[in-house]
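Me: I would like to learn how to read a protein model feature by feature. Can we go through one together?

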Amino acid sequence: MSGATLEAYLSSRTANGDDIGQEVAAVIQRLATAALVVRKIVNQGALGTAFNGTGGGTNADGDLQKDLDVLCDELFLSCLQEAPVAHYASEELEKPALLDPTARLAVAVDPLDGSSNIDGNISIGTVFSVVPAVKGPDTDPAQSFLQPGNRQLAAGFFIYGPQTTLVLSLGKGTEIFIFSNRLGCFVEAYKSVSIPERTSEFAINMSNYRHWEEAVRLYVDDCLAGSEGPRERDFNMRWVASLVAETYRILVRGGIFLYPADGRKGYHQGRLRLVYEANPIAFVIENAGGAATNSITRILDLVPENLHQRVPLAFGSQREVARVARYHVDPNMIGERAPLFGKRGLFRA
Ligand SMILES: O=P(O)(O)OC[C@H]1O[C@](O)(COP(=O)(O)O)[C@@H](O)[C@@H]1O
Ligand SMILES: [Mg+2]
Ligand SMILES: [Mg+2]
């Protein structure tokens, strides 16, 4: 690896003396410090036995927490206590924590993403979103996190996988840093990642097929029909069940990810959280030339109604995300599916 270190990259991006930029840079450095502690824990082994015991409780969403989730939450919170952060919100906390009341930033974190993969030795990660803190004498810290995602100043995620990786966007472009054992720090590996506009790879949990609405089923049916169907080309499928790993793959080789709403109890707005997952992922994806929607509307324009709100999520290569929206809004995509669809230009991407 020969790219800039994370530190050098951050100082080059704040070289114009932009104060808030320097504060954001300080936050990213603290997040990186916490991530390296998580990396150590993850690398020490036997996570299933050590962290998957009976100590886990239930988080604000009612998910069963594993101990590593809670430990990561505590770690990120304590690292951010030494950063210019006023409010800290976490998937694992019911309410945001108040840190430095004089600071201008707020940070939302999914401390451990992909937690069902912990004991499977499959990539897991931490997702983060940095926003301007909303403050006032009687303002609830939660207000900081109820801003639309288009107000994010920075967002990204760490992956604890074969490589420890940081994917980061400060707004213009998305960069990928990999932890270098030799240098003992994150080093830039991919500059300004660009997601291919067109793709033939989709990611969705197919076991939920019967619970999806028709638009999603038809979209997937058409991918599965491959070269004999309306898409006239074969598609490949991936499902890691780890949002961070899935996003990374899409950043480096394109694709589309879907976690739609479905008919199961608790899944009527999908599974993923707007504040902790969809917003930061959408920020990173858009800044790499991709798109992210709730199937129809741009994620970054949604105004969160509550901290732990879930949202259907579709993101990745632009043309494919736009196509998913057409299945939801254009009756031609659903109503006029003739047996000869393969001959019709209408359905071609
Ligand atoms: O097990 P499912 O329903 O396929 O869901 C997998 C999805 O859930 C998540 O694990 C949710 O995140 P958490 O692990 O932070 O709860 C995503 O990483 C992943 O995309
Ligand atoms: Mg998650
Ligand atoms: Mg989580």
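**Reading the model**

Reply: Start with the contacts. Among those in the protein between residues at least 6 apart in sequence, 64% join residues at least 24 apart. Keep in mind that this is a predicted model.

Me: What share of the residues counts as buried, and how many helices and strands are there?

Reply: Of the 349 residues of the protein, 47% count as buried. The protein has nine helices and 13 strands.

Me: Let us take the record next. Where does UniProt place the feature "binding site"?

Reply: An unreviewed UniProt entry places "binding site" at Asp 110, Asp 113 and Glu 277. These positions are spread over 168 residues of sequence, yet they cluster in space, with a largest C-alpha distance of 8.7 Å. The annotation may be inferred rather than shown by experiment.

Me: Which elements hold Asp 110 and Glu 277?

Reply: Asp 110 is found in strand β3, residues 105-113. Glu 277 sits in helix α7, residues 274-286.

Me: Why does Asp 110 count as buried?

Reply: Count the neighbours. The cut-off for buried is 20 or more other C-beta atoms within 10 Å. Asp 110 counts as buried because it has 29 C-beta neighbours inside 10 Å. Glu 277 is buried too, with 26 other C-beta atoms within 10 Å.

Me: Which residues do they touch, leaving out those up to four places away in sequence?

Reply: Asp 110 touches Glu 91, Thr 126, Val 127, Tyr 276 and Glu 277. Glu 277 touches Asp 110, Asp 113, Val 127, Leu 243 and Leu 272.

Me: Leu 243 is also listed in α6. How should I read a helix?

Reply: Begin with the general idea. An α-helix has 3.6 residues a turn, so residues three or four places apart point the same way. Then check the cover. Helix α6 spans residues 243-253 and is mostly covered, with eight of its eleven residues buried. The buried residues are Leu 243, Val 244, Ala 245, Glu 246, Thr 247, Tyr 248, Ile 250 and Leu 251.

Me: What follows α6?

Reply: Gly 254 follows α6, and its phi is positive, near 85°.

Me: On to strands. How do I read a sheet?

Reply: In a regular strand the side chains alternate between the two faces of the sheet. Next, find the strand order. Here five strands form an open sheet in the order β10-β9-β11-β13-β12, with mixed pairing. The twist averages 15° from one strand to the next.

Me: Why is one side of β10 and of β12 left without a neighbour in the sheet?

Reply: β10 (236-238) and β12 (291-293) stand at the edges, each with a single partner strand, so one side of each has no neighbour in the sheet.

Me: How do β9 and β11 run, parallel or antiparallel?

Reply: They run parallel, and two bridges join β9 (residues 201-203) to β11 (residues 256-259). Ala 203 stands opposite Phe 257 in β11.

Me: And hairpins? How many residues lie between β6 and β7?

Reply: One residue lies between them in the hairpin. Five bridges join β6 (residues 164-171) to β7 (residues 173-180), and the two run antiparallel. Leu 166 stands opposite Phe 177 in β7.

Me: What about β7 and β8?

Reply: β7 and β8 form a hairpin with four residues between them. Gly 184 in the turn has a positive phi of about 70°. Five bridges join β7 to β8 (residues 185-190), running antiparallel. Ile 176 stands opposite Tyr 190 in β8.

Notes:
Residues numbered from 1 in each chain as written. Chains lettered and ligands numbered in written order. Predicted model: local features only at pLDDT ≥ 70, side-chain atom pairs only at ≥ 80, totals over all residues. Buried ≥ 20, exposed ≤ 12 C-beta atoms within 10 Å, placed from the backbone. Contact = placed C-beta atoms within 7 Å. Pairing = 2+ DSSP bridges. Axes fitted to C-alpha atoms, helices over the stretch in contact; angles between N-to-C directions.
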